[in-house]
Amino acid sequence: MTPHGGHTEIEHLPVMQREVFDLLRCEPGGVYVDATVGLGGHSLGIMERIRPGGRLIGIDRDKESLDKAALRLAPCGPGLRLIHDNYKNLPLILNNLALPPVDGILLDLGVNSYQLLAAERGFSFQSDELLDMRMDRSQQWTAADLVNNLPETELADLIYRYGEERYSRRIAAAIVRERARAPITRCLQLAAVVSRAFRVRGHQSIHPATRTFQALRIAVNEELEGLEELLMEAFDFLKPAGRIVVISFHSLEDRIVKRTFRRLAGQCVCDAAPELCTCPRKARGRILTPRPLAPGEDEVQANPRARSARLRALERTEATGPEAGNGSVRPEQETWRS
Ligand SMILES: C[S@@+](CC[C@H](N)C(=O)[O-])C[C@H]1O[C@@H](n2cnc3c(N)ncnc32)[C@H](O)[C@@H]1O
């Protein structure tokens, strides 16, 4: 039983579906990767569009979500391969499958509604659950480990950096006082400590613990580490005119996506004056979303969780294969060429 009605059948409404399918240009026979399958909403839409003959590789680091997605996607028939792994292993996964260069890659970052609301996984400041927040339960450290063991300054830095929380020092001090009395093991317990430390008067548009919980979630799951490298590597697996679509839910992620896409499009990503800029200006791709796309009002009304979604897309313009002659294709990709 959960505090949300007792069943774990929480529906995850895929965000910005129309934009995702249009930008990925899902076509029958195409080869696609959904690197964040979640509960399979986007994957289902992709499968419907790429049949007959299409192939979809679906990855998620959360085994429980992936099992749910597998049930939902079972009627899709052949062409689907689901893999329990971290998308940071994408190069290894795709090389092992010896696929041809792919038409499109989707990353819908963050957590799914099942993890957040139904699975008792300790992500929510509104639920009386063990403070956990691991997307992959085989991982050792949990949010409770961080909260109870990090030195106060490290805790404050973490909450500031990943939560962009201006009251981080005050919150970290309150956590350290609380844990000296008794370990902080439950979500509501932490939410109450943060709320008391906050002491901001007047109406708040978000719960006072929102940013602290976001920061802990990002830290526990190392969500920002390696995202840029992953995007660069994923790009190498696209065929010419193949596309990568990324949906992020907070500015820290979106900044990394924006910067990486600019780099791949041969644009400047440094802060230097133009005459001092040494950014390589070789365009390998074309940015399809000069400004990130946001969901329409209708979608936000129907699915409030979509409100902070920002979508960016990039198309590969560079050729793959030996004719590219630029060293961008790594040796292990040789297995892709027939
Ligand atoms: C926003 S949900 C995706 C929802 C999905 N598009 C759908 O329609 O149901 C994000 C998913 O990404 C997964 N995820 C987050 N980080 C990951 C990583 N590093 N590797 C693999 N999966 C990850 C989470 O477990 C979660 O299921």
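Predicted model: local features only at pLDDT ≥ 70, side-chain atom pairs only at ≥ 80, totals over all residues.
Is the crossing of helix 11 and helix 12 left-handed or right-handed? The crossing is right-handed.

## Overall make-up

The protein contains 13 helices and 7 strands. Of its 338 residues, 52% are buried.

## Helix 11 against helix 12

Helix 11 spans residues 227-236, and helix 12 spans residues 251-264. Their axes lie 9 Å apart. The packing angle is about 40 degrees.

Helix 11 contributes Leu227, Glu228, Leu231, Met232 and Phe235. Helix 12 contributes Glu253, Ile256, Val257, Arg259, Thr260, Arg263 and Leu264. By type, the contact residues divide into 7 nonpolar, 1 polar and 4 charged.

## Salt bridges: the count and a network

How many salt bridges does a search of the whole structure find? The search finds 22.

Some residues are joined in a network. Arg25, Arg243, Arg286 and Glu315 are linked this way by salt bridges.

Aspartate 67 and lysine 63 form a salt bridge through their side chains, with an N to O distance of 3.0 Å. Both residues lie in helix 3, which covers residues 63-73. They are 4 residues apart, or about one turn of the helix.

Aspartate 67 counts as partly exposed because its relative accessibility is 39%. Lysine 63 is also partly exposed, at 43%.

## A pair between two loops

Arginine 186 and aspartate 128 form another salt bridge. Their closest N and O atoms are 2.9 Å apart. Arginine 186 sits in the loop between helix 8 (168-181) and helix 9 (187-198). Aspartate 128 sits in the loop between helix 5 (113-118) and helix 6 (143-149). The pair therefore ties together parts that are 58 residues apart in sequence.

Are these two residues buried or partly exposed? Arginine 186 is partly exposed, with a relative accessible area of 31%. Aspartate 128 is partly exposed too, at 47%.

## A buried pair

Arginine 217 forms a salt bridge with glutamate 223. The closest N and O atoms of this pair are 2.8 Å apart.

Why do both residues count as buried? The cut-off is a relative accessible area under 20%. Arginine 217 has 13%, so it is buried. Glutamate 223 has 7%, so it is buried as well.

## Serine 168 in helix 8

Serine 168 lies in helix 8. This serine is buried, with a relative accessible area of 3%.

Which residues does serine 168 touch, not counting those up to four places away in sequence? They are Ala156, Ile159 and Tyr160.

Note on methods: Residues numbered from 1 in each chain as written. Heavy atoms only, no water. Axes fitted to C-alpha atoms, helices over the stretch in contact; angles between N-to-C directions. Left-handed = near helix turned anticlockwise from the far one by under 90°. Contact = heavy atoms within 4.5 Å. Nonpolar A, V, L, I, M, F, W, Y, C, P; charged D, E, K, R; others polar. Salt bridge = Lys/Arg side-chain N within 4 Å of Asp/Glu carboxyl O. Buried < 20%, exposed > 50% of the residue type's maximum accessible area, 1.4 Å probe, protein only.
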